[in-house]
Amino acid sequence: MKVAVPMEDLKNYINKLRVDFKKGSLDEKDVDANPINQFHVWFDQAVDSKVNEPNAFMLATVGADSKPAARVLLLRNFNEDGFVFYTNYHSRKGIQSEENPNAAMSFFWPELERQVRIEGFLIKQSPEESDEYFNTRPRSSKVGAWVSPQSHVIKDRKELDERFEKLDKQFGEEVPRPPYWGGYVLKPLTIEFWQGRESRLHDRILFSLHENKWKIERLAP
């Protein structure tokens, strides 16, 4: 496989990949006192700006072995209770969340030169809430939830395809939610809003939850 940049030239090539951020600013007096409302404002602006996959975020978890893992997921809802995503409970992130509920997620919207970092702890959604979302998924995605032993080693792609074909025929039009699949809510303890600025002197506004009240502070970039 041919690569565009030889390995010996990578350092210089990568170091030249620089962009000075100039699209906006962020001040403590301009943010909403409630970070969920502020996230709502920024999320809507990301959607309106046609950001590619505005609901994509990086989720970081750490299990009992203290080894971190991160992966990109899709946000499916957010409100005062927290930030919602869905997965297989037997996946690596599901297992790690049971061993250690502390987790972090980050959104990056390069078109707006913005980032949101959220830290807190994970709890499972109720079965009823997971059912409600599962029932909105396309039938093929519902079958897929039964097919994949997520994060576990499989022999090859053929194993997945054959299992999908078998279960696709087995299920009728209504596909039930697997008992090992459902929603998690990240309950936030801190939410940081990051706006890129010139000279790498970015704006960072941190919300921290203390006794059910949000404290607002500015962090150095």
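Two strands pair if DSSP finds at least two bridges between them, and the views below, all drawn from a predicted model, begin with strands paired in this way.

View 1. Strand β8 itself, which spans residues 203–210, is mostly covered, since six of its eight residues are buried.

**View 2. The buried side of helix α3.** In helix α3 (residues 92–99), the buried residues are Lys93, Gly94, Gln96 and Ser97. These residues lie on the same side of α3, because the arc they cover around the axis is only 165°. The elements that cover them include strands β1 (56–62), β2 (68–74), β4 (82–88), β6 (114–124) and β7 (181–195).

View 3. The model contains 22 aromatic pairs. In the pair of Phe21 and Trp194, the ring centres are 5.7 Å apart and the planes stand at 80°, so the arrangement is edge-to-face. Phe21 belongs to the loop between α1 (10–15) and α2 (35–48), whereas Trp194 belongs to strand β7, and the pair therefore ties together parts of the chain that are 173 residues apart in sequence. Phe21 counts as buried at 17% relative accessibility, and Trp194 is also buried, with a relative accessible area of 12%. A tilted pair is formed by Phe107 and Trp109, with 5.9 Å from centre to centre and 40° between the planes. Phe107 is buried, at a relative accessible area of 0%, and Trp109 is likewise buried, at 0%.

**View 4. An aromatic cluster and a lysine placed over one of its rings.** One aromatic cluster is formed by Phe39, Phe43, Phe57, Phe78, Phe83, Phe85, Tyr89, Phe107, Trp109 and Tyr184. Over the ring of Tyr89 sits the charged end of Lys124, 4.0 Å from the ring centre.

**View 5. The largest nonpolar core and the surroundings of Phe83.** In soluble globular proteins, nonpolar side chains tend to be buried together. In this model the largest nonpolar core has 30 residues, and those with the most contacts inside it are Phe39, Phe83, Met105, Phe107, Trp109 and Val116. Two or more residues are given to this core by each of α2, β1, β4, β5 (102–109), β6, β7 and β8, and α2 gives the most, with five residues. When neighbours within four places in sequence are left aside, Phe83 is in contact with Ile36, Phe39, Leu75, Asn77, Phe78, Met105, Ile118, Tyr184, Val185, Leu186, Pro188 and Ile191.

Definitions and conventions: Residues numbered from 1 in each chain as written. Predicted model: local features only at pLDDT ≥ 70, side-chain atom pairs only at ≥ 80, totals over all residues. Heavy atoms only, no water. Buried < 20%, exposed > 50% of the residue type's maximum accessible area, 1.4 Å probe, protein only. Helix = DSSP H or I, 4+ residues; strand = E, 2+ residues; numbered from the N terminus. Arc of directions from axis to C-beta. Contact = heavy atoms within 4.5 Å. Phe/Tyr/Trp six-rings, centres within 6.5 Å; stacked < 30°, edge-to-face > 60°. Lys NZ or Arg CZ within 6 Å of the ring centre and 35° of its normal. Core = buried A, V, L, I, M, F, W, Y, C linked by side-chain atoms within 4.5 Å.
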